[in-house]
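Welcome! Take a moment to turn the model around on your screen, and then we will walk through some of its parts together.

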Amino acid sequence: MSDTMTAIAVEDGKGPAQALKPAILARPVPGPGQILIRVAAAGVNRPDIIQRMGFYPPPPGAPATLGLEVAGVVEVGAGRWKAGDKVCALLGGGGYAEYAVCDARHALPIPDGLDFVEAAALPETVFTVFANVFEHGSLKAGETLLVHGATSGIGTTAIQMGKAAGAKVIATARGAAKAQEAKALGADVAIDAGAEDFAEVAKTHGGADVVLDMVGGDYFAKDLDALKTGGRIVFIAAQAGGEVNLSIMRLMQKRALVTGSTLRPRDADEKARLAAEIERVVWPWIAAGKVKPQIDKTFPLAQAAAAHAHLESGGHVGKVMLIA
């Protein structure tokens, strides 16, 4: 095993997609409690784009290289993992590379029937949906989940996990074609948010107990309108704007809870707790075929720039992936 590896660096530290270039870097060395993974595939996520642009620095101790999720083969084991095990893992960074290290507790076994590309598409989206929809949002069987951005990696995962948990799912997307994709993934109601008022449509179907919002901006008032009394709105991003107008009286009338979170800055013990819960709750859904990663397109590692450009174009349905 060489002491160097090919990884993707951001030329000049930040820039457009074209700033992503292959580079020869030192192979990471696992510390106590960490495993070294020979990466087979890595997921491309919107936080990677934000970091590439210079607005989302990695947490202390994490690699500067992009990449929050991978799948591959363990080269150096720790914890329950030994060399040769096949795993997928949540990372603080460093996934756009031939090798990556992670806390052994943040790796999970690849579910039966999934290849490396599908497995690498799981960690960032599944951890995000589980933490926000099921823990912060407390979604329960028989309730209704409203998912925005239905054809994104998060959206396609949230639809399937909501259905697997026994919830009704209302999904919104931009365009009739994307709404149909959401329907095909199992959404009970799919709304073209560019042509319809999603709050009015949601209310005709009984309203939402939980809203998963990655849009923000003027969606917030409609989220609150669509919400049932005692409902929960969970923010994971604000692609249309981070400032919203809040009617306190309307919030009080709805007895609504508004919350949100990020995943990457959570400490190692919290991520380990999440990983254990996800393996207990979500991995059986995957084994049963209720949740399956949706892969839009794959790119060789060296073409990370093209992968970012594709994700930024907004035409994808599901995950954009790199193959190392």
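Which residues lie nearest the centre of the largest pocket? They are R46, S152, M214, A237 and Q239, and the lining of this pocket has 45 residues. Please keep in mind that the model is predicted.

Several elements give two or more residues to the lining of the largest pocket: α1 (46-52), α3, α4 (153-164), β9, α10 (304-313) and β15 (319-323). For the second largest pocket, the residues closest to the centre are Q34, A62, G92, D103 and H106. Here β6 (99-103) and α9 (268-287) each supply at least two lining residues, and the largest share, three residues, comes from β6.

| Pocket | Volume | Lining | Make-up of the lining |
|---|---|---|---|
| Largest pocket | about 1,100 Å³ | 45 residues | 22 nonpolar, 16 polar, seven charged residues |
| Second largest pocket | about 380 Å³ | 22 residues | eleven nonpolar, six polar, five charged residues |

**A strand with two partners**

Now look for strand β5, residues 86-90. Four of its five residues are buried, so β5 is largely enclosed by the rest of the structure. Strand β4 (residues 69-76) runs antiparallel to β5, and five bridges join them. Strand β7 (residues 107-109) is also antiparallel to β5, with three bridges between the two.

Helix α3, residues 123-136, gives two or more residues to the lining of the largest pocket. Is α3 largely buried or exposed? Twelve of its 14 residues are buried, so the helix is largely enclosed by the rest of the structure. Among the buried residues of α3 are P123, E124, F127, F130, N132 and F134. Just after the helix, S138 takes a positive phi of about 55°.

Another element that lines the largest pocket is β9. Strand β9 (residues 168-173) pairs with strand β10 (residues 189-192) in the parallel sense, over four bridges. One of the pairs to look for is T172 with its bridge partner I191 in β10. Together with helix α5 (residues 176-184), β9 and β10 make a right-handed β-α-β unit.

Notes:
Residues numbered from 1 in each chain as written. Predicted model: local features only at pLDDT ≥ 70, side-chain atom pairs only at ≥ 80, totals over all residues. Heavy atoms only, no water. Buried < 20%, exposed > 50% of the residue type's maximum accessible area, 1.4 Å probe, protein only. Pairing = 2+ DSSP bridges. Right-handed = clockwise from strand over helix to strand, strands pointing away. 1 Å grid on protein atoms, 1.4 Å probe; cavity = no way out; pocket = protein on both sides within 12 Å on 5 of 7 lines; lining within 4 Å. Points joined across faces, edges and corners; volume = space filled by probe spheres on them. Nonpolar A, V, L, I, M, F, W, Y, C, P; charged D, E, K, R; others polar.
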